[in-house]
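The entries follow in the order in which I looked things up.

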Amino acid sequence: MTTSRTPVVAETPGDRPRHDRSAREGVARKRSARKRSARKAAAGTRGAGKGPAGGLRGDSIETTATSRIAVTAVLALTAVYFLFPLWWLFVAATKDAGYTFAGSPLWFSNFDLFGNIGDLFAYKDGIFAVWTANSALYSIVGAGLGTLIAVATGYALAKYEFRGKGVLFGVVLGAVLIPKVLFTLPLFLMFSETGIVNTYLAVLLPSIVSPFGVYLGRVFAASSVPDEVIEAARLDGANEGRIFFGVSLKMMAPALVTIFLFQFVEIWNNFLLPSQVLISENLRPVTVGLVSWNALVQAGQIERHMVIIGAFVAVVPLIVAFLSLQRFWRSGLAAGAIK
Amino acid sequence: MTTSLTSAAPPPVETKRAASTPPQRRRSRTGRYAIWFVGPFVLLFVAMYIAPILFAVYKSLFRIQRDALGLGGTQEIFDPLFNYAYALGDEKFISSIGRVLLFGVVQVPVMLALALGIALLIDSASARAKGFFRLSSFAPYAVPTVVSALMWSFLYSPTNGPMGQLLGWLGIEANFLSQDLALWAVANVVTWGWTGYNMIIIYAALQGVPGDVLEAAKLDGASPWRTAWSIKVPLVRPAILLTTIFSIIGSAQLYNEPFVLKQSTGAIDASYTPIMAAQASLQAANYPYAAAQSVLLAVGVAVLSVLFFRLTSRRSS
């Protein structure tokens with residue numbers, strides 16, 4: 001692993017995921033090439049009567065109007081499936097109290113969005129604002145610290161040789177595969193013995209640990225920080241800490257955003273952990289708060305439309321973050337897929 | 001790698017310090033630094049992953065003994081196999097596992113077929129407005145699962161939910177929250193939320209299919225269907241396998257969606273999924289049994305993941 005054997009892996013030892021992929025693709029390419037040549041022989045006669053195939057213009061393979069319409073129609077159907085619940089939530093959130101289920105479910109009537117949002121934040125001395133602030137606190141602090149820790153670990157895995165490196169990476173991969181939810185109940189049992197239950201720390205501490213972040217950090221460190229740069233900085237007399245904070249982290253800036261976003265959303269969306277380790281209402285994140293309201297709806301203690309407006313308000317910041325930071329999502333998911 | 005790089009570094013710089021820092025020494029020096037980089041993670045990982053599991057294993061070895069009158073006084077007696085034997089005979093727990101298996105067998109293939117189909121369509125030359133369609137299917141991933149379950153529970157509501165109304169226009173009458181359909185109502189919420197995520201992973205892999213392969217197929221007279229099936233799908237198999245593994249693991253941890261829908265229907269009980277069953281034991285203050293259930297689940301998922309990982313990496317390499 002320390003010395004590169006083939007030109008394919010020449011970049012860095014930490015670059016194994018890439019190497020695996022290119023090797024795998026190489027195999028697949030060879031396989032399909034074999035298939036292709038076999039098919040070519042068969043297609044020779046079949047394709048002959050097809051007339052002019054049209055010149056190949058890069059990736060713009062010619063299409064017919066019917067195929068364009070058919071493909072777009074099917075995609076439009078799927079878009080309706082994915083978007084109509086969100087559209088309904090938006091429309092329902094704009095309807096005045098008492099009219100939530102009146103009129104068409106998919107069109108506006110009795111518009112009072114801003115009045116509703118006012119009601120939401122005024123309810124019980126602004127408990128919803130407290131929940132939102134808690135979610136922000138858990139997500140920003142948890143993802144911030146978590147990203148730093150994960151990137152440092154991923155960087156060490158990609159760039160340093162040390163004892164137990166292989167074991168550590170194996171454990172990280174294993175932890176990516178076992179969902180966090182399965183650790184929640186044991187965490188609660190342990191926390192309830194240590195008296196940490198019902199504090200901010202009970203949610204923050206487990207949230208900071210992100211094996212997937214470490215995995216992404218390793219992939220990104222291997223691909224965006226050249227060994228030559230580290231080596232040059234060393235020769236200039238910079239110590240390892242300075243190199244990491246002053247040089248490598250800057251080169252990994254886009255990766256940091258990606259890892260931060262993934263962890264931010266994971267923490268913002270978390271439900272089981274906070275619902276289990278928190279008791280007081282004032283510590284709840286918005287997900288736990290909304291579900292607790294929904295339970296009260298069944299008991300008739302709160303209007304359902306409050307839950308709907310709350311759900312709408314809780315979703316908006318995430319959708320905005322998604323739309324504006326798409327690039328980072330895709331690079332993270334693509335890196336995950338390389339595995 | 002450090003060694004091979006030193007020899008590849010530009011010569012003038014190389015000569016400057018080469019004598020004072022032989023490669024051998026440098027490697028051990030950076031190795032010494034590595035502890036500062038991995039230390040915090042390792043510490044937290046041990047505290048938040050390893051320790052709780054070990055504690056749960058320890059806890060699961062005890063049996064709760066309530067006093068004869070059942071007036072609060074309980075005792076924990078060391079009886080290592082009691083909870084595990086009880087779990088294997090616990091009808092509710094076993095049937096929750098069966099339910100989730102059935103769920104996974106149906107929901108995972110449906111969702112992945114949908115994700116693959118959408119990815120292939122967006123990747124096809126005939127697609128227009130690719131960016132919009134990519135975003136629209138990915139948008140549900142931005143919605144917290146709890147919120148999407150709340151939203152769907154309102155949509156499903158048999159009294160005033162719009163789903164009934166919309167299907168009514170199509171002449172279909174269905175109560176999604178009935179005993180027969182509840183599991184598939186849950187499956188729909190999961191499919192809605194995660195199809196786009198899987199689609200993006202597969203789509204990213206499709207982007208990596210080399211253009212010359214597609215051109216060659218075109219030259220050979222392969223139809224777009226044929227190209228998709230015989231060339232694109234085999235080439236993105238690693239991505240499909242990855243999404244399969246993640247989806248199976250996702251089914252095993254099914255909790256948020258049924259938990260929220262449970263608030264709207266009696267068709268979902270407190271131990272509907274294995275995780276819910278463990279939570280129910282916790283509610284019943286039977287901590288050792290809850291611990292045993294958690295340990296069984298963690299071991300089960302770990303074994304499943306490793307098996308699948310072995311199986312797929314052997315086949316694709």
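I first looked up the handedness: H5(A) passes H8(A) in a left-handed crossing, meaning that the near helix is turned anticlockwise from the far one by less than a right angle, clockwise being right-handed. Helices here are DSSP runs of H or I with at least four residues, strands are runs of E with at least two, and both are numbered from the N terminus.

This is a predicted model, in which local features need pLDDT of at least 70, side-chain atom pairs count only at pLDDT 80 or more, and totals for chains, interfaces and linings use all residues. Residues are numbered from 1 along each chain as its sequence is written, while chains are lettered from A and ligands numbered from 1 in the order in which they are written.

I then noted the geometry: H5 (residues 165-177) and H8 (residues 211-224) of chain A pack at about 125 degrees, with axes 8 Å apart. H5(A) is therefore oblique to H8(A), the class left after under 35 degrees (roughly parallel), over 145 (roughly antiparallel) and 65 to 115 (roughly perpendicular).

For the contact (C-beta atoms, placed from the backbone, within 7 Å), I listed A:Val172, A:Leu173, A:Ala175 and A:Val176 of H5(A), which meet A:Pro211, A:Phe212, A:Val214 and A:Tyr215 of H8(A).

Terms used
Axes are lines fitted to C-alpha atoms, for helices over the stretch in contact, and angles run from 0 to 180 degrees between N-to-C directions. Two residues are in contact if their C-beta atoms, placed from the backbone, lie within 7 Å.
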